[in-house]
Amino acid sequence: MNTIQNAAWARTEAEAARLKRATLLDLFAAEPARAAHLTVSAPHLVTDFSKQRVDSGAMGALANLAEAMDFAGWRAKLFAGKIINTTEGRAAMHWALRAPDAPANVRETQARRAAFARHIRPEIDAIVHLGIGGSDLGPRLVLDALKPHRVAGLDVRFAANVDGADVVDAIEGLDPARTLLVVVSKTFTTQETLANAAFIRAWGPKHLAAATAAPDVAVRWGVPQANVFEFWDWVGGRYSLWSSVSLACVIALQDGVFDALLDGAAEMDAHFRDEPFARNLPALSAALQMWNREALGHGSYAIIPYSERLRLLPLYLQQLEMESNGKRVARDGSVLERSACGVTWGAAGTNAQHSFFQLLHQGVDEIPVEIIVNAGVHEGPTSHRAKVFANALAQARALMVGRRSSEPHRDFPGNRASTLTALDALTPQALGALLAFYEHRTFAQAVLAGINPFDQFGVELGKEMAKELLPALEGGAPPETADPSTIAWLGRLAPRL
Ligand code: F6P
């Protein structure tokens with residue numbers, strides 16, 4: 001960090017030290033209009049930050065920090081397709097997959113996907129989608145969230161885990177003659193996906209397709225060339241749901257629905273690209289994430305979608321945020337002085353209220369909570385809708401106001417921060433905007449931390465060690481370099497195979 005950046009952080013930390021002494025209710029008393037001042041809109045979303053521990057002094061410090069970290073400059077580089085993933089020498093152009101003026105190769109692939117979807121639907125009753133991480137979580141979330149837009153009578157099964165139970169479940173009750181296997185892997189080298197794909201291929205599905213950035217490898221593996229849908233190395237795995245990775249979604253959602261998802265994401269791209277920091281929802285939200293993580297020292301935050309259809313959002317965000325920003329070195333390789341990212345966790349409300357909300361209300365540590373509601377039409381009984389809203393609002397309010405009691409076990413200290421975001425409706429467009437919002441927030445958070453969010457070397461070591469240990473479990477000797485505990489475990493587990 002240079003002198004200006006260090007000074008910006010020092011100012012931010014001084015604001016945090018001041019505000020730690022105030023309660024959220026003090027902040028409302030001092031500024032009754034803060035609910036309006038701290039509510040920010042973007043396409044399909046509106047977010048209320050007023051229950052966060054910030055005021056105009058803090059927001060000014062965060063704006064200054066964004067300037068010191070050259071937020072506008074890095075954002076321009078992102079949208080200019082510059083090589084901002086410097087450790088891998090790549091651009092990060094996931095936004096180009098949904099741009100109204102997408103590159104020709106993107107548009108051609110989109111057209112091929114749509115044609116394939118129309119051609120294959122009458123031939124199949126089921127799709128088995130195999131992939132893991134970014135090749136799994138996005139499409140799984142999109143299909144679950146947009147269930148009312150699904151093609152009737154077409155089943156989609158996902159398997160990611162190398163635990164064989166996952167693939168066994170995936171084909172249970174399916175007819176191979178009426179099944180399409182879609183193998184999704186950017187690299188086409190991932191152990192889990194290739195093991196699962198070999199198993200399902202041997203089961204004999206009539207149709208094979210692949211989504212990959214290594215089309216030759218997919219063809220050599222046995223996928224007909226015409227059924228290989230490419231994406232490119234400038235699309236990071238966890239940013240890839242807009243690509244052919246979502247082939248199963250294109251087929252299983254009604255015509256036009258996936259395009260609407262892309263359109264909504266493009267609307268958010270325009271907002272993020274064009275709005276100044278003070279009105280830029282992903283950037284402000286990123287600043288608040290850093291504020292909570294770094295300035296106030298909260299090690300995690302909980303994401304609670306009050307929407308059953310968004311129940312997979314926490315899992316999706318765990319990869320997006322922690323694989324992107326779970327880093328300990330800056331872009332130039334120097335060790336960070338401050339953490340770039342906390343732990344993302346959560347589950348759908350209201351279910352979560354009946355499990356871990358105890359800790360949120362009365363645990364020792366404050367954990368900021370991010371609540372999402374669908375302000376549009378809900379499925380099912382109309383009378384349920386008010387109950388969903390009442391619960392979401394009540395939790396945010398209870399976290400903030402608490403309720404004092406002379407009985408310690410019944411005492412709610414309150415003064416716990418939350419953010420509330422409403423989607424205008426759970427439409428394909430709004431979902432696209434929401435997911436693009438999180439991508440840009442993750443990027444903006446990385447800019448504030450001074451890191452590269454687009455590599456993920458941290459996942460490599462364990463993968464390599466698993467490859468080294470595998471032979472010892474398949475009849476070979478343990479690697480000489482293995483530690484005594486690992487050797488003991490190999491000795492215990494190998495005879496059980
Ligand atoms: O192990 C992490 C990871 O590399 C993710 O970044 C990626 O989304 C996932 O594995 C799957 O990789 P692939 O699409 O190449 O199979």
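**Ligand site and sheet**

Of the 13 residues around the ligand, those that come nearest are Ser135, Ser185, Lys186, Thr187 and Thr190; "around" here is a heavy atom within 4 Å of the molecule. Before going on: this is a predicted model, where local features need pLDDT of at least 70 and side-chain atom pairs count only at pLDDT 80 or more, while totals for chains, interfaces and linings use all residues. Residues are numbered from 1 along each chain as its sequence is written, and side-chain values use heavy atoms, with hydrogens and water left out.

Now the polar atoms. A polar side-chain atom of Thr187 is 2.6 Å from a ligand oxygen, and a polar backbone atom of Gly134 is 2.7 Å from a ligand oxygen. For Lys463, a side-chain N or O atom lies 3.2 Å from an oxygen of the ligand. On its own the ligand has 390 Å² of accessible area, and the protein covers 87% of that (Shrake-Rupley, 1.4 Å probe).

Next, the sheet. What is the strand order? It is β4-β3-β5-β6-β7, an open sheet of 5 strands with parallel pairing. Strands are DSSP E runs of at least two residues, helices H or I runs of at least four, numbered from the N terminus; two strands pair given at least two DSSP bridges. β4 (155-159) and β7 (228-230) each have a single partner strand, so one side of each has no neighbour in the sheet.

Strand β3, residues 126-130, is joined to β4 by 5 bridges, with Ala126 opposite Asp155.

That is all from me.

Definitions and conventions: A polar contact is a pair of N or O atoms within 3.5 Å; within protein, one must be able to donate a hydrogen and the other to accept it, and residues adjacent in sequence count only if both atoms are side-chain atoms.
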